[in-house]
Amino acid sequence: MPGGDFHPWLFVIVAAWVLVCGLGVVLFRKVMYSAVAMVFCFLGVAFAYALLNAPLLAVVQVLVYVGAISVVIIFAIMLTEVHSGPLRLFFNRQTLAAALLSLAAAAVLAVAGLSSEVESVGEKSLTPGVRELSRIVFDRFVFPFEFVSLVLVAAMVAAIVLARREEERG
Amino acid sequence: MSPLAWWLLLALLLFCIGAFGVLARRNVIVVVMSLELMLNAVNLALVATANFRAGAPGAGTVFALFIIVLAAAEVTVGLAIVIAAYRHRRTVQADTYSELKG
């Protein structure tokens, strides 16, 4: 069972939580139910980060995913699902092929990833704390940091341009 | 199985659930949500590996942070495209976007 300074049952709870909510995202018929399941799935992943000695990532996950991305997705649902009648076809026609393909991908990844030596080096955590992490980000990774802010600005401008209503050009 | 393998198995299952959603759902917004699930699974695998294996200090966490930022950018642009397409076709079902079909 997964080692660490937490009870092994915590892993079982988190894993069941994440997987059940993930299945809910895929299988719920109503889009809003899928969105709520997605929010809970993100919360479960944040809990997993906390168990994996990455409390900063857990906080960022709650802020960005549970806070921001969920709100954007729910806004998109409310903008598009104005007249949601009963859907006749809820999966597309390639569902069987999709299921087989994802199961095959799971099998291949499991064989490739889990049969090789994925031994952990030790029981103690190797993740640095927040102080050390911020030093790493602003020292070694300062160019990706600036670049990613450029990407964010570009994405914001692109989203505004794409979603803006077409106006009369005159 | 080692502790790391259990976490990798969880990430793998979450990734494949997301992949199934991307491949099988008709609603484009659910496809975007499933894509987010896949990104979360990759992040989970990165953080678990960084927690149990020696390597560059903090690299797993920093990579996961950058992936979260890029996921935010991706979901913004993706949903803007969905809304633009909805305004054009009045639907969000993926198989109705077939104008370019040969």
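Me: Which domains does the domain assignment of chain A give?
Reply: This is a predicted model, in which local features need pLDDT of at least 70, side-chain atom pairs count only at pLDDT 80 or more, and totals for chains, interfaces and linings use all residues. Residues are numbered from 1 along each chain as its sequence is written, while chains are lettered from A and ligands numbered from 1 in the order in which they are written. Domain bounds come from an automatic or database domain assignment. For chain A that assignment gives domain 1 (1–82) and domain 2 (128–170).

Me: What distance separates the centres of domain 1 and domain 2 of chain A?
Reply: The two centres are taken over C-alpha atoms. On that basis, the separation between domain 1 and domain 2 of chain A is 23 Å.

Me: How many helices and strands does the secondary structure of chain A come to?
Reply: Helices (H or I, at least four residues) and strands (E, at least two) are DSSP runs, numbered from the N terminus. Read from the N terminus on, the elements of chain A follow the order α-α-α-α-α-α. The count for chain A is 6 helices and 0 strands.

Me: Which element of chain A has the highest mean pLDDT?
Reply: pLDDT is the predictor's confidence in each residue, from 0 to 100. Chain A has a mean pLDDT of 83, and 82% of its residues reach 70 or more. Among the elements of chain A, the lowest mean (83) belongs to α4(A), and the highest (93) to α2(A).

Me: Which element gives the most to the side of chain A that touches chain B?
Reply: Residues are in contact if their C-beta atoms, placed from the backbone, lie within 7 Å, and by this criterion 76 residues of chain A are in contact with 64 residues of chain B. The elements giving two or more residues to the side of chain A that touches chain B are α1 (8–27), α2 (31–51), α3 (55–80), α4 (95–115), α5 (130–139) and α6 (142–163) of chain A. With 13 residues, the element that gives the most is α3(A).

Me: How do the residues of the side of chain A that touches chain B divide into nonpolar, polar and charged?
Reply: Ala, Val, Leu, Ile, Met, Phe, Trp, Tyr, Cys and Pro count as nonpolar, Asp, Glu, Lys and Arg as charged, and the others, Gly among them, as polar. The division on this side of chain A is 59 nonpolar, 15 polar and 2 charged.

Me: Is A:N53 buried or exposed?
Reply: A residue is buried if 20 or more other C-beta atoms lie within 10 Å of its own, exposed if 12 or fewer, and partly exposed in between, with C-beta atoms placed from the backbone. A:N53 is found in the loop between α2 and α3 of chain A, and has a positive phi of about 60° although it is not a glycine. Because A:N53 has 22 C-beta neighbours inside 10 Å, it counts as buried.

Me: Is B:R90 buried or exposed?
Reply: B:R90 is found in the segment after α3 of chain B. B:R90 takes a positive phi of about 65° although it is not a glycine. Its C-beta neighbours inside 10 Å number 11, so B:R90 counts as exposed.

Me: How far apart are the end C-alpha atoms of α3(B)?
Reply: The expected span of a helix is 1.5 Å times one less than its number of residues. The 31 residues of α3(B) should therefore span 45 Å. In agreement with this, the end C-alpha atoms of α3(B) are apart by 44 Å.

Note on methods: Two residues are in contact if their C-beta atoms, placed from the backbone, lie within 7 Å.
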